[in-house]
Every structure is written in C-alpha cells, then in structure tokens.
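Please open the structure in your viewer and keep the selection tool at hand.

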Amino acid sequence: MARLPAGIRFIISFSRDQWYRAFIFILTFLLYASFHLSRKPISIVKGELHRYCAPVDKGEVRPDDQSQTASGIATHQLPDNKTDCGWAPFDQDNYPQLLGALDYSFLCAYAIGMYLSGIIGERLPIRYYLTFGMLASGTFTALFGLGYFYNIHSFGFYVVTQIINGLVQTTGWPSVVTCLSNWFGKGRRGLIMGVWNSHTSVGNILGSLIAGYWVSTCWGLSFIVPGAIVAAMGVVCFLFLIEHPKDIACAPTLVAHSKSYENGTHRFRLQKPAVPDEKLLDPETQCLLLSDGKRAVRQNHVVLLPATDGSSMAAISFTGALKIPGVVEFSLCLLFAKLVSYTFLFWLPLYITNVDHLDAQKAGELSTLFDVGGIFGGILAGVISDRLEKRASTCGLMLLLAAPTLYVFSAVSRMGLAATVAMLLLSGALVSGPYALITTAVSADLGTHKSLKGNSHALATVTAIIDGTGSVGAALGPLLAGLISPSGWNNVFYMLMLADACALLFLIRLIHKELSCPGSATGDQVPFKEH
C-alpha cells in the first residue's frame, strides 16, 4: 500500500473534535477582530478632522473647509486643498473637547450597554445575537463615513452615530467569550486565551492600515470599508458559528482519565479525575475561596433557581454574579487598566502627529506598533499565569512595571522615531497584558467558578460585568485625555500612571491570598498534551 501524502497524514493526525475546536478558535478570533477593526478609524481620522493650518503668502489661513455657493448651500472643499483646516465643526479651537466627546459617547454607551448585553445574551441564541450586533455595527460604522460624502457638519449626527454603534457592539464580547469557553476547558486557558485575545491587536492593526490608506484622500472610506467588513463577518457568523460542542455531537470537555492513552495517531496526557477534596483544588481556586486563610468559604455565594422546564439551572442574576469571589476586584482593576489601554487606542495617533510631526497616515501606521507589543503582552501574561496559576499576581507584576514605563515613554518619545518605536512595543506589552488576561482567562475562570455549582448560564453575565466595568474606564480615559491634553501631553501620561497604580491597588487583596496560598505551581492537575 502506498504511503499517504504528508498533508493527509497531518489532517488525520487530529480528531474530529480537535478540528472543530480549531475552527471555532479561528472563527471567533476573526469575528471579534472585525469589531476592533471598526473601532480604530476614529483615532486615525482625528488628524484629518482637525488640521494645523499653514500660513499662505498673504495672511493666515482660516478654517474654510466649507464654502458658500450662490444658493447658500455649503460645499466641501476637495481634500487635497492644502488650505483646508479641518472638517467643521472639528476645525475650531475646541476640537480636543469635541473629539473627546465622540470617544466618550461611544465608550459610555458601550459601558452601559455591556451590563445589559450579558443578561440578554444568556437568554438568546449566541449565533443570532452576535449576527445582529455585527450587522448593526457595520451599518452605523459606515454611516459615520457617509457624513463625508453627504457633507454633514452636524456634531449631533456624529455623536448619535457613535452612541448607537457603541450599544450594538456590546453584543460581541460576551458572545465570543462564552462560545470559546464552551469549547475549551480550563487547562491552559491562559495560553489559549492569551493567543486568542491577540484579535484585539490584530483588529487594531488592520483598522489602522485600512483607515490610514484613505484618511488623507477620502476619510469617509476609512469608515465605510471597515463597516462593510464587519457586516460581512456577521453573515459568516450566521452561516458557520457553532455555539456549543453538543450541537455538533462533540465532547464538551476533554475526557479525563487517570493515565495516558495512546493509539497510532494520538497520545494524550489527561487530567486526573476530580476528587471532592479541598486539598486537591488548584492553588488559584483555593486562594479565591479562602476567607480568613484558615478555612474555605462555603460555596453558597449564589442562589441558583431551577429553570422553568426543570431540566437545567436558570440564568444567574446580576447581583448573584457580583457575589462570585474575585468578580468585584477584577472588575475595578479592569476599569483603570482599560482606561489606559483605550486612551492609547483613541489618542496615540494624534499624539504621534503632534510630537513627531508626522501626517495622519504615517502616524496611524506607527501606532500599530503599540498593538504589536500588545500581542506579545497578552500571550506572555497567559503563559505566566498558567505556569504560576496566579492570575492576580501576574496582572499585578505587569501593572507595576507599566507605570514607570509610561513615564519613560513620555520622556524619550520626543527624542526621535527610534525611541518612539522601542517604547511603543514595550508599553503595548505591559499595558495590554493585564487587560487581555482579565477580559479572557480571568473572566472565563470566574464565569465557571465552583461556587456556581455547575451553572453554565453565568459566563456571559460575569464577562459582561467585568468588561462593562472596564468600559467605564475606557469611556473616561479618552474623555480625560481630551480635557487634559491642551495643558500638555505630560499631564496625560501622569493621569495614565495614576490609573495603573489604582488598578494595582484593587488587586492587592487577591495577590496577598495567592502568594500566601500553599501548593505547587502546577498543583495536582496534569496538563493536557497533544503530539
């Protein structure tokens, strides 16, 4: 018999379940990357909405981005007109406040909507819910760009568009995290979700490049093209997303045996069987369950009511989710961590434009290095937290290093492009690492906490609470940056360093419990390995 081709041998070396898990991993990665792709254009276009006018031969240039025709109708000047000082109403001296208000309107709506989104998402099919959100998000992202082609200069139009877009985008995060957690167990969750969470940075990079391609010639397309991509991915979601392994007759989790299993194509080292003994709990769970360092908290934090059909548990309530140990602390930590991350997301290109004197397109391309650093930071945080089994301590270490790094960034970024590039990579890793770990692995851990007693209807609510609280900080950061930046960019960096310190402060109690908890780093769980 002829030897099988190498490609076929590779395909059959993986089981059907493994292929489906890989498919869901890639699909949810692309779905949420498209959400972030649609959020990035506003930061790239800011430099085009308000330009610094250069003087001409006779007198100073005035903001004349619109000229009156004989009929009194305002007509937009061609983008290549170098006397164009911006796009009304962002061409005035109060442009930082107006641009900050655009960010705040989107992020405030996102934060408020996130609390409701998780509760709604627990009660609706994920595929339908996510598809609706992506189609609606694509529509309103493109609508912002249509303001360019229809010559709309109403500030209210752009604010309302941002608010509605912020609300519909809340459908994304609880849905994809719940779906991914349904397919992947707790083993190596930090690494898996650290790699998966790089969709945030990948989406930001793609959004920057796409928006930057048109920003100087036709900034309306900087929104319309990403909007079309999000809507198209919504159709893909409707056609291909599988919410739970049981829907396709796959094993919901890896089958546990006490010893290795091996056949011709697979060899697995699997987890030991669960034993209802407190001593066999992993160190991280013990730490979160300890109330006074001597005895475990009774797992009665959440009151679970039977569902109406009696076949499963009811979805968890909002207050019930808050009682899960660690939810409040990580939520408040994320508030300040996300404040820092989203300030960079929305204001970094404009900062680079002002400091390094680059045009909007080049500043947008350079800002992608922050997201490149974020990819490595998220993966590194996941690997370390898996190895140590200490999520809070991992976040705390990166937050501790991030604050002085931001100070150095503010000092050396004025020394030239080489210094800016190096600090963008380092800052991106340290700022995005804790943010990525909390929104993925930590949220999934808490959403499947032992105090829930097996209730599978809590993950979206817990995820929404954590990310919703973080989104409050995401709304405040860009707003504060818009208010503080006129007094100097150094003051913005001082605000970011203070936010990092506050984020670390809220983790002190959990870090103390983790470090005082006995047990080896690997605990009694044997990692799952594939060969």
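Angles under 35 degrees count as roughly parallel, over 145 as roughly antiparallel, 65 to 115 as roughly perpendicular and the rest as oblique. Each angle, from 0 to 180 degrees, is taken between N-to-C directions of axes, which are lines fitted to C-alpha atoms, for helices over the stretch in contact. Helices (H or I, at least four residues) and strands (E, at least two) are DSSP runs, numbered from the N terminus.

The model is predicted: local features need pLDDT of at least 70, side-chain atom pairs count only at pLDDT 80 or more, and totals for chains, interfaces and linings use all residues. Residues are numbered from 1 along each chain as its sequence is written, and side-chain values use heavy atoms, with hydrogens and water left out.

**First stop: helix 3 and helix 10**

Select helix 3 and helix 10 (residues 221-240), whose axes are 10 Å apart at an angle of about 170 degrees. The two helices are therefore roughly antiparallel to each other. Now display Pro41, Ile42 and Val45 of helix 3 with Ser222, Phe223 and Pro226 of helix 10, which make the contact (heavy atoms within 4.5 Å).

**Third stop: aromatic rings**

Rings of Phe, Tyr and Trp (its six-membered ring) pair if their centres lie within 6.5 Å; planes under 30 degrees apart count as stacked, over 60 as edge-to-face and the rest as tilted. By this rule there are 32 aromatic pairs.

Select Tyr342 and Tyr435: the ring centres are 6.4 Å apart and the planes stand at 75 degrees, so the pair is edge-to-face. Tyr342 belongs to helix 13 (residues 327-356) and Tyr435 to helix 16 (residues 417-447), 93 residues apart. Are these residues buried or exposed? Tyr342 is buried at 1% relative accessibility, and Tyr435 is buried at 8% (buried means under 20% relative accessible area, exposed over 50%, partly exposed in between, with a 1.4 Å probe and protein chains only).

Next, select Tyr351 and Phe409, whose ring centres are 6.1 Å apart with planes at 70 degrees, so this pair is edge-to-face. Phe409 is buried, with a relative accessible area of 0%.

Finally, select the aromatic cluster that includes Trp87, Phe90, Trp219 and Phe223.
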